[in-house]
Amino acid sequence: MEFRDNKAIYLQIAEYVCEHILLGKWKADEKVPSVRELAVAMEVNPNTVMRTYELLQNKNIINNKRGIGFFVDEAATANIKSYRKQQFIADELPVVFRNIYLLNIGFDELENQYKTFVKENFNA
Amino acid sequence: MIEINNLNFGYSKHKPLFKNMSMRLSNGHIYGLLGKNGAGKSTLLKNLAGLVYPQGGQLNVMGFNPSKRQPALLSQICFIPEEFYLPPVKIDSYLKANAPFYPNFDHEYLATLLKEFDIPASNKLIDMSYGQKKKFIIAFGLATQARLVIMDEPTNGLDIPSKAQFRKIMASALTDERCIIISTHQVRDLDNLIDTVIMLDENDVALKASVEEITTKLAFKRVKEIDESIFYAEPSLSGYNAVMPNYHHEESKLDMELLFNAILAEKTKFKPLFN
């Protein structure tokens, strides 16, 4: 995997796992790759993946069945969304807001842009 | 796993390499040993493996004093030197002569590793390229199942696919019982494999900290302008790559090259953070 250089590796691996769950590649109650398997696939230190899995366990996105391995939590999708939302509001939204303010973009215009974007990309 | 207490060593009396160096290393980690040319990286590794002897202080490696070179210890150390010699024999004769020194030697694992590294088992060692030889001794070293794995510049001479292969192999080779120490200048080859950084400078350990500790205390960022909060910065295409105290609890990615240069240039600024 290509890592970006602006974010801790363990968080980038967390995004990768979340992405797989959201896209339905890894389903609820299914086993996720072991720490070692994922470390080998990502070419990273297993301790880094362990840190990722601890984080995802805290967020109730995966759970640890002792002796068997890590599994996708029943409520993983909802928990990923709330975790992502928190992150988006904390990290990305301030940057967007700053540009909206600096460029003086009105909320009406923004709403129109948003609706067009959703239509074009998600056919909603 | 390893305890170094007040180690003193130098190749000549007037030029000490280590003065009262102390450090502890534990299993379950991949340590990245960094330092300028001549800082003593290889020499420290040789001290640990019993290839040179301390002039003062104590070394304890898995309960042994490496200077005594007891077989019980040496069979638990795999040392991959930067420069090495391989005799003009075929792989199987080399194994017959050398594998018996390691009671836990795993022939099946060796076969797997050689396959992953794309080396035919029928090869004569002398006919192989430098990179192939290097891959062979890495594979042999890991197949010894030694608990202490020491590698001096392991990625030198490896081609691009072999480097990726090497990272995968090392990621799977780390177990809770093993301690892996890798000295390197090729930081970009290995930075995601290393979980703890050891940096040697001016006869001592300039920094020993886990990646987690470093990125908790320091932030690595691109900035447009330099201000007083920044410890060290290097110009880049879009401003500067900077290291600064992590005031805002940011989770940045450790830039090992930048950290290396920063510590060489601004040692006094970093000292109080890591003690």
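Residues are numbered from 1 along each chain as its sequence is written, while chains are lettered from A and ligands numbered from 1 in the order in which they are written. Since the model is predicted, local features need pLDDT of at least 70 and side-chain atom pairs count only at pLDDT 80 or more, whereas totals for chains, interfaces and linings use all residues.

In chain A, an unreviewed UniProt entry lists "domain: HTH gntR-type" for residues 7-75; UniProt positions follow the numbering used here, feature names are shortened, and annotations may be inferred rather than shown by experiment. This span is 51% helix and 12% strand, and its end C-alpha atoms lie 26 Å apart. Helices (H or I, at least four residues) and strands (E, at least two) are DSSP runs, numbered from the N terminus. Chain A is divided into domain 1 (9-76) and domain 2 (88-122), with bounds that come from an automatic or database domain assignment. The centres of domain 1 and domain 2 of chain A, taken over C-alpha atoms, are separated by 31 Å.

Chain B contains 10 helices and 12 strands. Its radius of gyration is 20 Å, close to the 19 Å that the globule rule gives for 275 residues, so chain B is as compact as a globular protein of that length; the radius is taken over C-alpha atoms, and the rule is 2.2 Å times the number of residues to the power 0.38. The C-alpha trace of chain B spans about 65 × 45 × 35 Å along its principal axes. For residues 2-227 of chain B, the unreviewed UniProt entry gives the annotation "domain: ABC transporter". Over these residues the chain is 31% helix and 27% strand, with end C-alpha atoms 41 Å apart.

An open sheet of 3 strands in chain B has the order β2-β1-β4 with antiparallel pairing, where two strands pair if DSSP finds at least two bridges between them. Strands β2 (18-25) and β4 (56-61) of chain B are the edge strands, each pairing on one side only, and the twist averages 15° from one strand to the next. Strand β1 (residues 2-9) of chain B pairs with β4(B) over 5 bridges, and B:Asn5 has B:Gln58 as its bridge partner in β4(B). Helix α1 (residues 41-48) of chain B lies across β1 and β4 of chain B and runs at about 120° to β1(B); axes are lines fitted to C-alpha atoms, for helices over the stretch in contact, and angles run from 0 to 180 degrees between N-to-C directions.

Two hairpins of chain B are also described. Strands β8 (residues 196-201) and β9 (residues 204-210) of chain B pair in the antiparallel sense over 6 bridges, with B:Ile198 opposite B:Lys208. In this hairpin 2 residues lie between the strands, and B:Glu202 in the turn has a positive phi of about 50°. Strands β11 (residues 232-236) and β12 (residues 239-245) of chain B are antiparallel over 5 bridges. B:Tyr232 stands opposite B:Val243 in β12(B), and a hairpin through 2 residues joins β11(B) to β12(B).

Methods. Two residues are in contact if their C-beta atoms, placed from the backbone, lie within 7 Å.
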